[in-house]
Protein chains: 2
Amino acid sequence: MTRNWELKVQEKKKHLLQAIPPEWRIENAKQSMISAGFSNTRHYLNSMLPAKEVAITNMTVCQLQNDIKQGAKTAYEVCYSFCHRAAIAHQILNCCIEIFFDQALKRASDLDEYFKQTGEIVGPLHGIPISLKDQLNLPGIDTTIGYVSYAGNPSKSKSLLAQVLEEKGAVFYVKTTVPMAMMAPETESNLHGYTYNAINHEFSSGGSSGGEGALIAAGGSPLGIGTDIGGSIRIPASFQGLYALRPSHGRITYMGVANSYLGQEVIPSVIGPLATCLGDIELFMKIIVGSHTWEQDPKVVPMEWRDVSSLKAEKLRFGIMWTDGLITPHPPITRALRETVEVLKKAGHEVVEWKFPYQKDVLELAEKVFGADRGKEIFEMCKISGEPIAECIKPLVDFDADDDGTHPNVIDVTKWWELGEKKSFLREKFLEYWLHTSKETSDSQPIDAILCPVWPTAGFKKGESRYAAVNYTAQFNVLDLTSVILPVTTVMPESDLPISNFTPMTALDELIQSYYDPEYFDRMPVCIQVACRRLEEEKAIAVASVVEQLLET
Amino acid sequence: MTRNWELKVQEKKKHLLQAIPPEWRIENAKQSMISAGFSNTRHYLNSMLPAKEVAITNMTVCQLQNDIKQGAKTAYEVCYSFCHRAAIAHQILNCCIEIFFDQALKRASDLDEYFKQTGEIVGPLHGIPISLKDQLNLPGIDTTIGYVSYAGNPSKSKSLLAQVLEEKGAVFYVKTTVPMAMMAPETESNLHGYTYNAINHEFSSGGSSGGEGALIAAGGSPLGIGTDIGGSIRIPASFQGLYALRPSHGRITYMGVANSYLGQEVIPSVIGPLATCLGDIELFMKIIVGSHTWEQDPKVVPMEWRDVSSLKAEKLRFGIMWTDGLITPHPPITRALRETVEVLKKAGHEVVEWKFPYQKDVLELAEKVFGADRGKEIFEMCKISGEPIAECIKPLVDFDADDDGTHPNVIDVTKWWELGEKKSFLREKFLEYWLHTSKETSDSQPIDAILCPVWPTAGFKKGESRYAAVNYTAQFNVLDLTSVILPVTTVMPESDLPISNFTPMTALDELIQSYYDPEYFDRMPVCIQVACRRLEEEKAIAVASVVEQLLET
């Protein structure tokens with residue numbers, strides 16, 4: 001007997017397939033790619049799509065913006081190219097949960113018409129396709145955040161960020177997959193199954209913005225919106241070699257965006273961009289901050305985008321965090337950091353060791369905060385539809401169905417306040433340590449940024465999330481730093497040999513290091529984090545751009 | 001039998017008295033004032049202190065700053081004058097909990113020596129005495145926050161704000177009284193008894209920064225630091241005709257300041273100045289914001305002090321909140337608002353009605369947040385010393401001593417998150433309504449500020465807190481607005497007649513209005529609030545200054 005929730009899933013999948021024009025539907029898309037000798041979806045799509053579409057979908061937002069403004073490209077052809085590519089990418093990777101190409105192409109035509117009539121663009125994003133994680137609300141379209149029970153209830157409202165992007169000319173055409181509740185570093189739900197990695201289809205796309213990561217890396221979107229509570233923007237970016245930013249809380253509007261654990265303010269989720277170049281990340285930030293959303297969203301800090309360009313000519317100081325003392329990164333990750341440090345030093349910048357003494361407390365706090373309700377919300381959301389709890393978030397759910405209120409498995413408010421106070425304490429200690437680095441630098445100035453891994457490994461394959469550890473991402477959620485994800489290299493089996501005589505620090509450290517096999521991760525991307533202090537988004541991007549230029553030369 | 005906590009109180013009182021030089025001690029100080037025909041402590045002190053000291057202690061911070069810088073006054077004579085005046089004010093009003101004149105006079109001498117040697121001041125507050133609410137930590141001095149159990153345990157650390165003020169040249173000499181736990185609009189604790197009003201000794205000084213309000217209004221301090229979670233800066237300022245600012249959360253550093261309910265982040269307490277003129281409030285803010293405390297305190301927003309002086313030449317738009325629809329202000333309060341509206345209109349500014357539809361929800365939320373632990377912390381703090389729960393905060397304590405963990409009188413974290421989410425909802429609705437005022441104004445611009453009462457009455461007398469209502473203050477804690485307290489008038493029995501044919505909206509409304517008797521409140525000060533949006537401290541001060549200038553002309 002097919003259960004009710006399964007019927008809803010079938011319905012959802014049917015709708016999604018029907019939203020793809022028949023001429024773009026492919027039977028066994030993934031198998032076709034493999035048969036054609038590809039494991040990298042971007043490469044495969046570049047090889048099989050029309051040349052004109054390939055050219056368009058390999059452009060950055062800045063390039064598209066320019067071409068559209070000059071009249072060299074129409075919004076329609078840009079939209080059409082990304083829709084087509086997204087349709088096929090989705091059939092391979094399973095990265096979209098909502099597809100509405102008709103609406104998008106109509107909007108693109110309207111924009112072209114406006115341009116034709118007036119000679120003007122409606123805004124700096126005129127005709128730019130932007131993909132949205134399935135938390136952003138668009139009227140008439142479901143927002144499920146990975147739960148079956150939310151399927152089939154189209155939103156009535158529009159998230160403020162979507163509204164601003166649209167006012168600036170953006171075109172929406174897809175919403176992307178998320179794991180149930182967005183609380184996992186991989187992307188799987190009963191609604192859509194597993195989302196695969198665009199660089200290597202056997203790997204996980206990461207999570208929770210896994211649909212975004214896969215779609216953008218496949219070339220199906222030039223820029224997408226993700227969210228991050230423990231690494232959810234940065235993990236998919238890192239697993240797929242993308243650029244991304246985790247802004248501080250309060251810099252980018254989250255208003256009207258669906259979420260788990262509404263009202264959980266100790267470690268709040270933040271919203272930010274993923275893209276294929278740093279310039280696009282900066283463009284997005286400038287446009288959104290310049291939109292003064294603080295006039296509508298009380299959580300946004302009323303702070304203009306600041307000019308920090310003079311930084312680029314200065315000597316910079318970096319703190320290097322080779323390891324957090326708990327999980328040793330795999331050799332390619334350490335090499336990426338080493339190469340970065342080398343080019344920085346060669347260019348006259350300074351690098352000092354970063355060893356924050358409260359690192360372990362930071363992680364323990366994240367665990368306590370994310371586990372404060374023992375998974376009660378997830379448990380109850382699943383009860384509504386009858387769907388089983390998704391595999392990837394099972395570790396979070398320790399809630400007792402038979403709880404009658406006397407079993408204190410959900411913590412009380414006074415315990416919660418202790419966690420809030422612990423967070424403040426750790427943030428204070430962190431700044432103290434940051435300022436303390438002035439004792440280590442030659443000019444007695446504190447560091448400008450931290451360099452560290454994003455993830456201890458270059459991703460993991462489906463079913464292998466036991467090798468996952470959010471150590472390097474979740475720290476910055478607890479501390480609310482701004483962190484740029486910068487692609488540095490790819491795994492090179494010939495030079496990235498396993499650590500000889502490895503002495504593990506913990507059982508998990510041992511397990512994760514045992515997962516390293518150079519061939520297994522061959523050519524997987526390796527990114528690093530360039531992190532600045534709270535609300536220093538401008539600086540984090542500027543510093544990352546200095547690092548990038550040195551790495552490129 | 002004298003109980004242990006009573007011994008501690010006796011000890012504390014003895015120390016406090018001993019800290020006053022014998023020549024400044026007065027038997028029955030209050031009775032002496034009354035016998036001399038005074039009820040206003042400022043007037044009395046002006047009449048009985050040496051003329052030179054009266055002149056100094058009636059100067060503003062800006063004036064003192066100038067005189068010290070020019071060498072026209074020494075830091076020592078300024079400090080001496082304020083110490084002397086504070087000593088007597090305290091003996092009348094019971095407004096200090098810590099006195100350390102020796103330390104202060106030594107520091108003032110050192111500053112004079114520095115000035116003599118170098119011809120320079122150490123900073124913009126060189127030699128300015130500043131009083132601190134008994135939450136700020138100074139090494140070697142108790143911080144009790146109104147609890148007996150904290151008495152006799154000198155602090156080891158210094159609050160960051162105190163550190164910055166000191167670096168800028170300020171001199172500390174007293175800490176001022178607070179009600180137990182700082183959760184009351186009047187100031188009383190087992191440690192020090194009741195703090196009276198400096199304008200009329202029969203009245204309450206307000207709370208929880210009641211010691212500050214009384215001391216500054218008596219002329220015993222030119223500027224003091226208070227905190228505000230439901231009106232605690234604004235109530236004492238209003239009851240005593242002072243200027244004050246409730247900044248938004250994150251503008252002024254609260255780091256290293258003792259507090260109740262640490263980690264309660266839904267409606268956080270904020271810290272700010274009380275003074276005798278608006279210029280001093282602005283000076284304080286400029287100095288502190290300019291100190292970049294965000295480099296040490298992770299809660300401070302990294303935002304420079306912004307120049308909004310051009311505002312002063314512009315046409316402004318105001319929302320007038322005559323009533324919150326729950327408690328009708330007494331006639332003198334309404335007259336203060338009416339007079340303000342009249343001068344504004346006459347000067348070409350625009351005033352529209354402000355009637356936020358969610359006003360009641362805002363207050364209900366504050367009540368739920370402040371009652372979330374049912375007074376558990378207060379209950380347990382009292383249990384440590386054995387002291388009884390202070391009368392003024394008894395309404396907050398509904399905690400069951402026999403609770404074994406199964407009685408859910410403390411809410412759980414999921415309920416707490418609901419309150420956090422409700423707060424966000426109300427703040428969003430508030431901004432929506434604020435922007436909506438553009439539909440009411442002649443130039444389609446939203447309002448610049450709200451004008452409203454601080455308190456429905458011009459204070460209350462000891463034992464009459466049943467007539468208290470935080471309706472007009474707590475709203476801005478929930479909404480995190482910036483609010484300036486502006487003295488407008490005093491109660492004038494001849495013109496402020498009781499409302500005829502009053503129709504109460506609620507039982508409390510009826511009770512509070514029945515409390516009005518023009519003679520009873522004769523000459524008590526009446527202040528209003530000038531409130532701007534979150535993190536608009538610069539604007540709130542600039543707008544208040546426009547209002548003040550018009551009221552003065």
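Among contacts in chain A between residues at least 6 apart in sequence, 78% join residues that are at least 24 apart. This is a predicted model, and the points below go from the overall build of chain A to the sheets of both chains and then to one pair of helices in chain B.

**Overall build of chain A**

- The secondary structure of chain A comes to 18 helices and 13 strands, and 63% of its 553 residues count as buried.
- A compact globule with 553 residues would have a radius of gyration near 24 Å, and chain A, which has 23 Å, therefore agrees with that expectation.
- Taken along the principal axes, the box that the C-alpha atoms of chain A fill is roughly 60 × 60 × 50 Å.

**The sheet of chain A**

- In chain A, eleven strands make up an open sheet with mixed pairing, and their order is β1-β3-β2-β6-β8-β7-β12-β13-β11-β9-β10.
- The edges of this sheet are β1 (96-99) and β10 (350-353) of chain A, each of which pairs on one side only, and neighbouring strands are turned against each other by 25 degrees on average, direction ignored.
- Within the sheet, β7 (residues 243-246) and β12 (residues 482-490) of chain A pair in the antiparallel sense over three bridges, and A:Ala244 has A:Ile485 of β12(A) as its bridge partner.
- Helix α11 (residues 278-289) of chain A packs on the sheet, where it touches β6 (223-228), β7, β8 (270-275) and β12 of chain A, and its direction makes about 140 degrees with that of β8(A).

**The sheet of chain B**

- Strands β7 (residues 243-246) and β12 (residues 482-490) of chain B are paired in the antiparallel sense over three bridges, with B:Arg246 standing opposite B:Ser483 in β12(B).
- Helix α18 (residues 537-552) of chain B packs on the sheet and touches β7, β9 (317-320), β11 (449-453), β12 and β13 (525-532) of chain B, while its direction makes about 15 degrees with that of β12(B).
- Helix α7 (residues 101-118) of chain B lies across β1 and β3 (171-176) of chain B, and runs at about 160 degrees to β3(B).

**Two packed helices in chain B**

- Helices α13 (residues 359-370) and α16 (residues 471-479) of chain B pack with their axes 9 Å apart and at an angle of about 80 degrees, so α13(B) and α16(B) are roughly perpendicular to each other.
- The contact is made by B:Gln359, B:Val362, B:Leu363, B:Leu365 and B:Ala366 of α13(B), together with B:Asn471, B:Ala474, B:Gln475, B:Val478 and B:Leu479 of α16(B).
- By class, this contact of α13(B) with α16(B) has seven nonpolar residues, three polar residues and no charged residues.

Terms used:
Residues numbered from 1 in each chain as written. Chains lettered and ligands numbered in written order. Predicted model: local features only at pLDDT ≥ 70, side-chain atom pairs only at ≥ 80, totals over all residues. Heavy atoms only, no water. Axes fitted to C-alpha atoms, helices over the stretch in contact; angles between N-to-C directions. Helix = DSSP H or I, 4+ residues; strand = E, 2+ residues; numbered from the N terminus. Parallel < 35°, antiparallel > 145°, perpendicular 65-115°, else oblique. Contact = heavy atoms within 4.5 Å. Nonpolar A, V, L, I, M, F, W, Y, C, P; charged D, E, K, R; others polar. Pairing = 2+ DSSP bridges. Rg over C-alpha atoms; globule rule 2.2 N^0.38 Å. Buried < 20%, exposed > 50% of the residue type's maximum accessible area, 1.4 Å probe, protein only.
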